[in-house]
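Here are my notes on the model you sent over.

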Amino acid sequence: SCMNETSDRVSQMAENLTEEVTILQFAPFTSRIDTGFWHKLGIYKLDVFQLDEDAKEIYGYYRNDNTEALSCGFNVDYEAFNSKRNRHSNHFNCTGYLFVKNTAEAFKACDKSELLNTVGIQLWKDIKSGRSIENPSLLVRFIVLTFTDLKKYHYYYWFAFPVIKPAEDFRATPAVPLASLLSSPQIESLLIEYSNTFSDLGTPFFLLKKNDSQGVKLGYLKEWKNFFNDNEIPVVVMCDPSTVNTNPGWPLRNLLILIRTHWLESGDRVQIICLRDKTREGVRSISNSISFTVFIPEILDELNDIPNFIGWEKNKRQKLGPRMVNLSSSLDPIKLSESAVDLNLKLMRWRLMPSLDLEIISQTKCLLLGAGTLGCNVARCLMGWGIRNISFIDNGKVSYSNPVRQTLYCFNDSIDGGQSKAETAPLRLKQINPSVNSTGYSLSIPMPGHAVSQVDNIKQDINTLEQLIEDHDAIFLLMDTRESRWLPTVIAKAKNKIVINAALGFDTFLVMRHGVNKDESFKQHCVIDEGECKSMPLLLPGTELGCYFCNDVVAPGNSTRDRTLDQQCTVSRPGVSMIASALAVELLISVLQHPLRQYAPAETNINNSELSVQSLSTLGLVPHQIRGFLSRFQEILPCNRAFSSCTACSSVILENYLQDGFSFLLKAFNSPTFLEDLTGLTKLHEQCRMEDIWDISDVEDVED
């Protein structure tokens, strides 16, 4: 047979050589993965790949200037996903295929032979077609099969470096130092020619021909036919990642297959130079390079048109199997916590909501007025959504009754008169999630109906409050009293901020968003004009929504005067605050996900079977109000238009606040009737007859 004739030919040639001919052993690649690669892979898995298990192109490289300890290393680093990676001298870039499995079971069950054959067949096609001659880097490819456990930061992986296994073994003469083949001037000429022409190009293979005893000539693989004479043994140089004195590196295997396919017959000889370029103590040398003669084997047997492929890497126990790297102990615990929080959110985008905009959520700065029952629960829910900028305003202290309902405090916070809520709440948030940026401010918020005496102190507190509202994107009103919400409502409306209001009764709650003004941002965001809204009678624009005070026909006053203990405290069923807090946060998130943000319109008839598309965000409806009744386990979603005589958000209030500032506010604080007189509510009261008021009373029974 042909194979027997080839073997006889090789044996006959070997007898004519003085050197012993043995089976050629190759030093296999050893994968070396930079920690930055795993970090990048985690990001790509969450944000790009998600559930996609198809092959992804990545890039790695090997070097021919390795030290003995790093022999035949194959490197994959943080630039593995960058197709335009920088070139470096003695770095040889290779293209690989990344397969990221979604479960450990899929990783184990994956057909490794099929993966290897798929890439190997493409390698074989590129060799036969000549593509590998034009681009020799195609001879070295790699596969990375991975499973990433992003909760534990465990990364399971298995590398393969596909090579063609010929039908016969490679045979070669023993390796000798380069000086046995080339003279000192020729070695020096080789180094100069290589540095000037091939080193920076990242070309791993090239041809060599002796000019004379003083120099050499180098050429590309594609120049083979015109480079060598018919009667000479060709000399091919491989930039060798191996440092072993007797064994060449893994890339030589496919190079020899290419040579056999296009230029030499089985049994022919080729001289190989394994070029090893090292620098020691500032002196560059290729004296560690080796050379040997290879006898070209037969690639295919008589029955197959496609060769066999090998190349899966052995693990640390020198057995075929995957490896695992545990980065949980080496990463910054704060960074681990931050990544873990983001993980749950990003998983939402895999299947459930690909259009969820997590960036705008994480960038939102929230100001919580009130660090009590509502404030604590709202803050924790905000952290669950990945919001990391949370500020508190509260002038109270932790009392003994607080820790059981106010989830950021513990018993020790209430001892010795109690810790400041404004100081303790941010501290607890940072203990829960160290990446949170949280600050507390102990302020007294002046209120209508509460006369002001210390004017300078009050003015300073108002200036601080105005600046804090200016610096934040979303304002939560979570205070105990109705009148304490008035001043932040006025300031936030004037500054056009998102306002989320939550208030509790015994077994009822209200969560609502306030309407906003038309400004330059409104013109940029809004794709729905007023005419279009008017053509949709069930749709109320975000600029026409009412605030917390729009349903009142009296100005806010002192609600704590002449009240018993049960009336002074917020007495409610324990679950009410948690429900309201969660809905308040979810309402904010829905607003942020709507294309119009705070200008999102609201449905006036939520029971309508055909809801307007314009009222929907990625997460669904963006209601104006959510009113809950725990006694009936019922919620309703009313929507009302802004009241033209509202004591907090009407145009006359905003105009006077913007024009007169603090002097206007002082009048509102000190005069119980000032706001009603200014907005026209006093005249409205005068126009109503007393008997009409009694007629609509729900206190007395109406008799026929």
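Predicted model: local features only at pLDDT ≥ 70, side-chain atom pairs only at ≥ 80, totals over all residues.

1. Let me begin with the second largest pocket, which holds about 640 Å³ of space. Its lining is made up of 26 residues, and those closest to the centre are Pro28, Trp250, Ile310, Trp312 and Lys314.

2. On to the charged pairs. Side chains of opposite charge can pair when their charged atoms come close. The count here comes to 16 salt bridges, and I've picked out a few worth a click.

3. Glu232 and Lys209 meet through their side chains in a salt bridge, at 3.6 Å from N to O. Buried or partly exposed: which is Glu232? Glu232 counts as partly exposed because its relative accessible area is 26%, and Lys209 is also in that class, at 21%.

4. Next, Arg260 and Glu298 form a salt bridge whose closest N and O atoms are 3.4 Å apart. Here too the pair links distant parts of the chain, 38 residues apart: Arg260 is in helix H8 (residues 252–262), and Glu298 is in the loop between strand E16 (290–295) and E17. The cut-off for buried is under 20% relative accessible area, so Arg260 is buried at 15% and Glu298 is buried at 16%.

5. Arg388 and Asp342 pair up at 3.0 Å, N to O. The two are 46 residues apart, with Asp342 in helix H9 (residues 333–351) and Arg388 in the loop between helix H11 (373–384) and strand E20 (389–393). Arg388 counts as buried, since its relative accessibility is 13%. There is also a network to look at: Asp126, Arg131 and Arg141 are joined by salt bridges that share partners.

6. Last, the surface. Val553, Val554 and Leu684 make a nonpolar patch of about 210 Å². Val554 lies in the loop between strand E25 (539–540) and helix H17 (565–568), and with 40% relative accessibility Val554 is classed as partly exposed.

Methods. Residues numbered from 1 in each chain as written. Heavy atoms only, no water. Patch = residues over 30% accessible without salt bridge, like charges linked within 9 Å, V, L, I, M, F, W, Y side chains within 5 Å. Areas by Shrake-Rupley, 256 points an atom, 1.4 Å probe, with all protein chains shown as cover. Salt bridge = Lys/Arg side-chain N within 4 Å of Asp/Glu carboxyl O. Helix = DSSP H or I, 4+ residues; strand = E, 2+ residues; numbered from the N terminus. Buried < 20%, exposed > 50% of the residue type's maximum accessible area, 1.4 Å probe, protein only. 1 Å grid on protein atoms, 1.4 Å probe; cavity = no way out; pocket = protein on both sides within 12 Å on 5 of 7 lines; lining within 4 Å. Points joined across faces, edges and corners; volume = space filled by probe spheres on them.
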